[in-house]
Structure formats: structure tokens, C-alpha cells
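Here is a short briefing to read alongside the sequence and the 3D view. Keep both open as you go through the points.

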Amino acid sequence: METSDRRTEAIGHVYRGTFVHSTPHTALQVLEDALVGVDTGGKIAFIGKGQELNKLSQTFGFCPSEVTQLTQDEFFMPGMVDTHIHAPQYSYAGTALDMPLLQWLDTYTFPVEARFKDLEFAKSVYTQIVKRTLRNGTTTACYFATIHTDASLVLGQIANELGQRALVGKVCMDRNKSVKHYKETTQESQEETDRFIAELLNKKYPLVKPVVTPRFALSCTEALLEQLGAIAKNNNLHIQSHISENTEEVKLVKELFPESESYTDVYHKCNLLTNKTVMAHGCYLSDEELDLFRETGAALSHCPNSNTSLCSGTLNVRNVLKHKVKLGLGTDVAGGYSASMLDAVRRAQDVSKFLTIQDPGHDTLTFEEVFRLATLGGSQALSLDTQTGNFEVGKDFDALRVNVAAADGPIDLTQKVEPKILLEKFLNLGDDRNIVEVFVAGRKVVPFTE
Ligand SMILES: [Zn+2]
């Protein structure tokens, strides 16, 4: 039995059944007939065994008859962590996948993002994406918004109201040749970032925090990157951006920043690589650049759907893990067409298998490893692993109640199967119909209460 030293809160809920999660040492740990107590503050108070029910009920002062019992087709798993998603791009998700990155940005992304100056439009799209991701099991999301401060604040407000844990970034960009009205001056970008951070922090949302967000090196002058590095440092904030996604981009960064030794060095010189940084993609990073990620504690977000959909590249996750760089998964809506992290799990396995097809010596990722990337790995990549990512006493209860045999769901169980197989089936075949309840910090956020 594992229990908390500090028992200041009363027990709010106790669940009994199968729990699956990852630890730093084990990609998949299955706890059968477990008893998990969640306190009224939303934190895991104890993790014990079903046979310890009477003892635990006395120690923690709950009534055994109030325990919620899962069925044999159900399990709890940690909520999934989307380490990279563009909330405004949800408005065209599932379309516009016919161009490489830089042309795609000019043709589809910038004109759409420019519309988010309209707060009503922003509110409508942002409500849809937060609801859609929550329903699909994303309990933590690291969002890009747009350059518009007030609309970005609306995204933070919606995440808070619907109960999602979120990092929200007002996008910064003072370079844009193609859509001239969709950019800021360097000074505006800095001042509006300061205002965004101050106003969002001032709301004191318990689970929603600002993240400093230079779009990527090609959209920012060095002066802006330097200022954003300083803002993040002075406020001890998270940082997110993109790196080394496609070959044309990598080449242009080299031309635009001739003084820098590498793409990674462009950010490093501006103090943008810290242990609270997450960079999307990294398909073309050299071993030296990966070493710099590890040394600075910066993380990568692997976005396999996007990398394939925009024909950007194939990240070798095994090599990233070998370099001990923190790594999570991202949907990268809408370069990635699905907002569901289950899709990211499947596409990550696909990409790893493509690498094995090309090189039979490649060590293919197992589904257990990909499960860890979607949960604990993501929380580590966002430096939120003291709060979420797996089931540990003292962490917040961020969890999905999964019923693999949900009525009208996509999975048929033909026989009784062990919990590991239930998880594998859910990851490969399941969808939101199987996710019967979603909890963030102990609060039930799905099904929605109107
Ligand atoms: Zn992106």
C-alpha cells in the first residue's frame, strides 16, 4: 500500500478495479483489483489492493459501500497529454493536407488564424476544440493560439471552465511575407506577450498557465527571440515552438541565421532552450543537437500524423530516447488531421514500423512504449510530471475510465481477455465511445454537465 504523508484533505472518491499506467522504469504497469482513493482536493491519497478495503476504509475514513467498482471490461488509465496542438487550426482540421509546410502555412494557416481577431469566432472554435479533445481523453493540452492576445485569453478561459489542464500560448511572429496583415512589430509582440502573461496569471486559474510561444525561427527576428527568452526567464515560464520539421525550413533557417551553428543553436543562443521548453517535430536534428536538448532539459513533441500528412519527415523516436531527451506525443492539429491522442498513438506506431521496413535493424517501438509517451512522457515533456502523467500518491487524479466493451462502441470482445490486451485493443481500435468518464484533478469533466 502506498499512502500520502500529508493527509489534510478528506477522501472524496474511491475506485476499485484495474488501473494501467507507466512509470519511469516500466512502460506498462497493470494493477489488478486496485483500490485508489482520491481526496477532495483532487489528489491521489492512496493506492492499495482490493483485499485491503477494510483497513483502508478505517485509515482514511470512507465507507466501503461507497466504493465505485469497475466492471471486468473497464480500466482506468492516466489522462493523455497532447504536447502540441494549434487550437485555431481546428477550424480546418481534416482538410488542406496537399502542400508542404511553408506553402501550407501561407495558403491555409495564416489566412485562417488572422480571423481569430474576431472574439466570437474564436470563442466558438475554442469551445469546440477543448470539448473535442477532452471527450477523446486529452486531460492536458499544450496549445498554440494566434497572435491575438484577447482571443488567446478566451482560450484560457474556456479550458478553465471546461476543466482541462492547459498551457496556452499567444503566438509571436514579427516576420510574415505572405499574409502581411497577420504579423506584429517586434515591440507589439513583446508588449502583447507581457500583457497576455500578466492577464492570464491574474485570473489565477488552477490548471491553466501561459507558455511563451515564438511561432518558429522563420517567423521571428533574432531581436524578438531574444526578448521572448528573457520574458520566459524572468517569469519562470514554459516555452514552446517548432524545430527542424521539414528540409526546406531547415535550409532557410541556416540562411537566415548564418551565425548559428545549428537550428537548435538559434534557440539556445536566445535562452529559449530550458527544462520547461517543448519543441515540436525535430525530424532532422543531428546527434549534437539532441545532446544540446538533453543538456538543457528541453523536450520534443513527436507529431507523427502531421509529419506524414505534410510529407515533412519521419522522426526516429528510438534515437531520441537513446539520447535521453524528454519526449511526448502531439496531434499538431491541423497539420495533423485528428485531434484525438489515440490517433497520435497509432500514427507513432506506424512511423516506427515504416522505419523498420526501411531498416530491419531498427528497434520498433512497442505499444506499451507509445502508451507511455502519450501519458507519462507527455507530462515529463511539459515538466508537469510532479502533478500528472501516472497514478502516484500525491499527484492529481487525471484519469480516463475506459470501457472496452461500451455499448455501441467500436470494439467487440469475443472472450474474456487480460487487462494488457484490453489496453492494446483500446489503443488500436477504441474511440471516444469507450471513454466513459474523464477526470482532471479529481473533477469529472466528461460527460459534460450543461
Ligand atoms: Zn505545430
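Along the sequence, the donor residues of the zinc ion follow the spacing H-x1-H-x155-H-x89-D. His 242 sits in strand 12 (residues 238-243) and Asp 332 in the loop between strand 15 (326-329) and helix 12, so this pair ties together parts that are 90 residues apart in sequence. Please bear in mind that this is a predicted model.

**The zinc site**
- The protein donors are His 84 (NE2), His 86 (NE2), His 242 (NE2) and Asp 332 (OD), and they lie 2.1 to 2.4 Å from the zinc ion.
- The angles among the four donor atoms run from 88 to 172°, and the site is classed as irregular.
- Both His 242 and Asp 332 are buried.

**Helix 12**
- Helix 12 covers residues 341-358, and at 1.5 Å a residue its 18 residues should span 26 Å; the end C-alpha atoms are 26 Å apart, which agrees.
- Where helix 12 starts, the backbone nitrogen of Leu 342 has a side-chain oxygen of Ser 340 within 3.1 Å.
- An α-helix has 3.6 residues a turn, so residues three or four places apart point the same way.

**Lys 322 in helix 11**
- Lys 322 belongs to helix 11, which spans residues 317-322.
- With a relative accessibility of 63%, Lys 322 counts as exposed, because the cut-off is over 50%.
- Lys 322 and Leu 290 are 32 residues apart along the chain, and 9.7 Å separates their C-alpha atoms.

Technical notes
Residues numbered from 1 in each chain as written. Predicted model: local features only at pLDDT ≥ 70, side-chain atom pairs only at ≥ 80, totals over all residues. Heavy atoms only, no water. Helix = DSSP H or I, 4+ residues; strand = E, 2+ residues; numbered from the N terminus. Expected span 1.5 Å × (residues − 1). Polar contact = N/O pair within 3.5 Å; in protein donor to acceptor, adjacent residues only side chain to side chain. Buried < 20%, exposed > 50% of the residue type's maximum accessible area, 1.4 Å probe, protein only. Donors = N, O, S within 2.8 Å, 3.2 Å for Na, K, Ca; no water. Tetrahedral: all angles 85-135°; square planar, octahedral: opposite > 155°, others 65-115°.
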